[in-house]
Amino acid sequence: MIRKYDDERRFLSHLVTLRYKERNIDEIIFPEIRKQAKPNSLQTFRKIAYQCLSMDRKQRPTMAVVIKQLQISLEFQIGQQRFSQAERDHREKNNLMHRTSKVFFSVMKNLFLFSNRVNSDRSNDREDSPGIKEFQIIGDAKPGGKLLVCGFPLHGTSQCMFQWVHYHRDVTLEYIEGATSPEYIVTADDVDKLIAVECIPMDDHGRQGEIVRLFANEQNKIICDPEMQEEIDKYMAAGQASFSILLLMDSSENREQTTFTLRRSNYQVKINRTQEIFIQGEYTNDVSIKIPSGLPTQFVLTYSDGSSHPFNTFQDARMRDTLVLTMRMFQRKVLDERRNAT
């Protein structure tokens, strides 16, 4: 409700529709959002929001379309519209499946917990409920390694809902975005953390069994393999590391080969073709290096002002994780030194 209006603009949905048709919807967007959002991202969001307000049910988009458009809007915002169409289609398919599964997993988990409280006197019935025997995680729990959940279905189990999680020191857990399949690729984001998988077994009638939780790496924190750790230690001792990678520019066809150099106190990205220094900066709290979900060889440099630069390590996941961990260690060391100096 917008109280300053006395006509149909009093209702937000009517006001949005009106402003969109008048092409001045920016007037009702929160100023801080308007300043931070990139134009293409905001336009994509505006368009799908407007379509959702159609009075004709048939004209309103499905949730699959909404999710797809929101993902495109997000890609514009963080700079990942530079990925190829094939990569985008793959991400959209996976993200839709993963996000839908994640929501469904959360709902099913809550329903299951509620059902256990209400029907605690029916323990005998659960003996025949869907389940998994010899539930285990196999694979290499190192950055770049692949983990796979396996086991034998019991009592008519025909499917399972999976969710990989990080466990923190305070015993809280954090869902890993997009990690809702029995297979999981370990990345630099998992180093020094506990990883577990939660599973809800189900049968064809929609009955679910008890939640099964299992830790990877024998409930030990994920660490680098000796070779990767030795390489990172060598870079740290030398105070410098260089990587030949791709910088994804303003379109899927525009990719520049670059040299990404890390030093003790700063970093830079030089375009090989022109020898131009495209990025140069010091390690501060304003810069972070992130790994996008479902993209095993890509990472993104992001800044507190909302700008970002995506990179690709030529389909080399190991190089990506080595670079990310090395940069984070350089950054952590610099920030710790500054903190101790004050």
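The model is predicted: local features need pLDDT of at least 70, side-chain atom pairs count only at pLDDT 80 or more, and totals for chains, interfaces and linings use all residues. Residues are numbered from 1 along each chain as its sequence is written, and side-chain values use heavy atoms, with hydrogens and water left out. The protein chain holds eight helices and 14 strands. Helices (H or I, at least four residues) and strands (E, at least two) are DSSP runs, numbered from the N terminus.

**Whole chain**

- Of the 342 residues in the protein chain, 40% count as buried. Buried means under 20% relative accessible area, exposed over 50%, and partly exposed in between (1.4 Å probe, protein chains only).
- Among contacts with a separation of 6 or more, 56% join residues 24 or more positions apart. Contact means heavy atoms within 4.5 Å.

**Helix 1 and helix 3**

- Helix 1 spans residues 12-21, and its buried residues are Leu15, Val16, Thr17 and Arg19. The cover over these buried residues includes helix 3 (39-52).
- Helix 3 has 14 residues and reaches 20 Å from its first C-alpha to its last, close to the 20 Å expected at 1.5 Å a residue. The expected span is 1.5 Å times one less than the number of residues.
- Ser41, Leu42, Thr44, Arg46 and Ile48 are buried in helix 3. The buried residues of helix 3 pack against helix 1 and helix 4 (63-78).
- Helix 1 and helix 3 pack at about 125°, with their axes 10 Å apart. Axes are lines fitted to C-alpha atoms, for helices over the stretch in contact, and angles run from 0 to 180 degrees between N-to-C directions.
- Helix 1 and helix 3 are therefore oblique to each other. Angles under 35 degrees count as roughly parallel, over 145 as roughly antiparallel, 65 to 115 as roughly perpendicular and the rest as oblique.
- Thr17, Tyr20 and Lys21 of helix 1 meet Gln43, Arg46, Lys47 and Tyr50 of helix 3. The residues of this contact divide into two nonpolar, two polar and three charged. Ala, Val, Leu, Ile, Met, Phe, Trp, Tyr, Cys and Pro count as nonpolar, Asp, Glu, Lys and Arg as charged, and the others, Gly among them, as polar.

**Helix 3 and helix 4**

- The axes of helix 3 and helix 4 come within 7 Å and cross at roughly 165°. That makes helix 3 roughly antiparallel to helix 4.
- On helix 3, the contact uses Asn40, Ser41, Thr44, Phe45, Ile48 and Cys52. On helix 4, the partners are Val65, Val66, Gln69, Leu70, Ile72, Ser73, Phe76 and Gln77.
- The residues of the contact of helix 3 with helix 4 divide into eight nonpolar, six polar and no charged.

**Positive phi values**

- Most residues other than glycine have a negative phi.
- Glutamate 218 has a positive phi near 55°. Glutamate 218 lies in the loop between strand 7 (212-215) and helix 7 (226-238), and counts as exposed at 73% relative accessibility.
- Glutamine 275 has a positive phi near 65°. Glutamine 275 sits in the loop between strand 10 (266-271) and strand 11 (277-282), and counts as partly exposed at 48% relative accessibility.

**Glutamine 298**

- Glutamine 298 is in strand 13 (residues 298-303). Glutamine 298 counts as buried because its relative accessibility is 3%.
- The C-alpha atoms of glutamine 298 and aspartate 316 are separated by 9.0 Å, with the two residues 18 apart along the chain.
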